[in-house]
Amino acid sequence: METSRSRKLFSQAQALIPGGVNSPVRSFRAVGGQPPFIQKGKGSRIWDVDGNQYIDYVCSWGPLILGHAAPEIVAAVQQAAALGTSFGAPTEGEVELARLIHEAVPSMEMVRLVSSGTEAAMTALRLARAYTGHSKVVKFAGCYHGHADGLLVQAGSGAATHGIPDSAGVPAAYAQETLVAQYNDVPSVERLFETYAGQIACVIVEPVAGNMGVVPPAQGFLAALRRITSGNNALLIFDEVITGFRVGYGGAQALYGVTPDITCLGKVIGGGLPVGAYGGRRNIMEVVAPLGPMYQAGTLSGNPLAVAAGIAALKALQQPGTYQKLDRIGALLAAGLTEAAQEANVPATVNRVGSMLTAFFCPGPVASYADVQRADARAYGRYFHSMLERGIYLAPSQFEAAFVSLAHTEEDIQQTLKAAQEALKG
Ligand code: KE4
């Protein structure tokens with residue numbers, strides 16, 4: 001495989017950009033080797049600067065549910081750009097995107113647009129603290145909600161239930177306000193609410209975990225979080241940055257029938273451009289400046305180009321049969337990968353919810369963060385490179401979600417499964 005231009009660019013990039021990348025996971029450090037530099041995408045495919053073509057299952061980590069360079073997205077962005085790229089003033093598109101989001105996710109009675117999922121989750125925590133007057137927040141080990149200080153926290157050691165920093169530069173004092181529970185483990189949440197009664201502002205959760213690899217919520221898990229938070233004057237925050245408009249037009253809250261107080265969105269609602277959002281019940285959102293005392297702002301919040309792309313994406317997703325098609329393609333891939341691993345006698349467990357899935361290199365079930373940690377990341381790394389050499393571009397980490405889009409065809413899946421059969425046979 002020709003890689004000279006990517007290697008040259010990576011060398012130049014490393015001189016100017018930490019690790020040569022603008023987001024750590026892109027560096028391939030989790031799987032080894034050097035990342036190809038991507039030049040273009042179309043539909044389910046991307047091409048690198050050396051002309052190598054790949055079927056793409058990263059899909060920019062979720063946003064490209066319509067595939068690359070979808071005509072309706074490109075046209076919307078071109079049309080918007082011709083009218084000006086940013087005004088720092090209200091525009092009609094922001095009202096339309098807020099309306100589309102509210103109609104799809106009724107619990108979001110009011111919506112504030114921001115420019116990333118991190119901003120959405122960071123602000124949702126601030127909002128919960130402002131609304132409840134409580135200072136502590138609960139997150140789950142293995143769940144990721146962006147890189148705000150209070151969320152870069154890992155479980156404390158043993159009895160210490162308060163969090164410890166999961167990144168340099170996060171003061172212990174910040175981390176201690178974050179409590180860490182175990183995903184799909186309701187008693188671990190109940191114990192925190194007993195220990196810190198009256199101090200907890202919210203529980204924030206990925207309603208389908210994507211950032212430890214895909215781990216679906218256990219039966220009753222989300223409903224239990226709803227019961228516990230409601231019973232303790234705490235808010236329930238669904239971080240639907242991945243699942244929003246991904247696992248269904250109404251997101252995971254519609255799929256599982258559990259309604260949070262605040263929802264965070266991102267990725268799909270920007271159509272591949274920088275958009276995040278948070279929203280919830282009107283009486284909660286009325287705490288947000290300029291209506292209320294909680295401050296949050298952003299120069300490019302509601303940017304006209306990003307909003308135009310988001311509107312085009314959501315309108316395309318309203319087409320009948322959209323999610324049945326995504327589910328069918330996702331199921332075809334998951335079943336084929338399972339079969340290929342069995343044939344190759346490789347221990348693997350494929351978790352899937354609709355069009356997001358992860359093949360864990362370990363026996364199942366994989367239903368918790370502890371289960372996830374049994375996965376053989378080195379085996380995944382070897383598989384990743386074998387697939388890359390065969391023109392299949394997977395997430396460069398065992399602990400991420402893979403995505404299919406409306407542009408992925410049955411032929412793409414068959415080509416992928418043929419490559420997987422060869423790669424798994426090693
Ligand atoms: P951003 O700030 O990266 O737009 O969103 C942060 C975020 C918040 N919540 C969830 C559930 C998320 O998955 C993310 C970001 N996801 C990662 C990949 N799993 C983005 C990829 C990256 O970090 O480069």
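How many residues surround the ligand, and which are the closest? In this predicted model, 16 residues surround the ligand, and the closest are Ser23, Thr118, Asn211, Asp239 and Glu400.

**View 1. The shell around the ligand.** The residues that make up the shell around the ligand divide into five nonpolar, seven polar and four charged. Ser23, Thr118, Asn211, Asp239 and Glu400 are the closest of the 16 residues that surround the ligand. Because domain 1 (4–69 + 320–425) and domain 2 (71–317) both give residues to this shell, the ligand lies between them.

**View 2. Polar atoms facing the ligand.** A polar side-chain atom of Thr118 lies 2.7 Å from an oxygen atom of the ligand, while for Gly117 a backbone N or O atom lies 3.0 Å from an oxygen atom of the ligand. Asp239 places a polar side-chain atom 2.7 Å from a nitrogen atom of the ligand. The ligand taken alone exposes 540 Å², of which the protein buries 85%.

**View 3. The two domains.** The protein chain is divided into domain 1, which covers 4–69 + 320–425, and domain 2, which covers 71–317. The centres of domain 1 and domain 2, taken over C-alpha atoms, are separated by 25 Å. To the contact between them, domain 1 contributes 30 residues and domain 2 contributes 34 residues.

Key:
Residues are numbered from 1 along each chain as its sequence is written. This is a predicted model: local features need pLDDT of at least 70, side-chain atom pairs count only at pLDDT 80 or more; totals for chains, interfaces and linings use all residues. Side-chain values use heavy atoms; hydrogens and water are left out. A residue is near a molecule or strand if one of its heavy atoms lies within 4 Å of it. A polar contact is a pair of N or O atoms within 3.5 Å; within protein, one must be able to donate a hydrogen and the other to accept it, and residues adjacent in sequence count only if both atoms are side-chain atoms. Accessible areas come from the Shrake-Rupley method with a 1.4 Å probe; for residues, only the protein chains shown count as cover. Ala, Val, Leu, Ile, Met, Phe, Trp, Tyr, Cys and Pro count as nonpolar, Asp, Glu, Lys and Arg as charged, and the others, Gly among them, as polar. Domain bounds come from an automatic or database domain assignment. Contact means heavy atoms within 4.5 Å.
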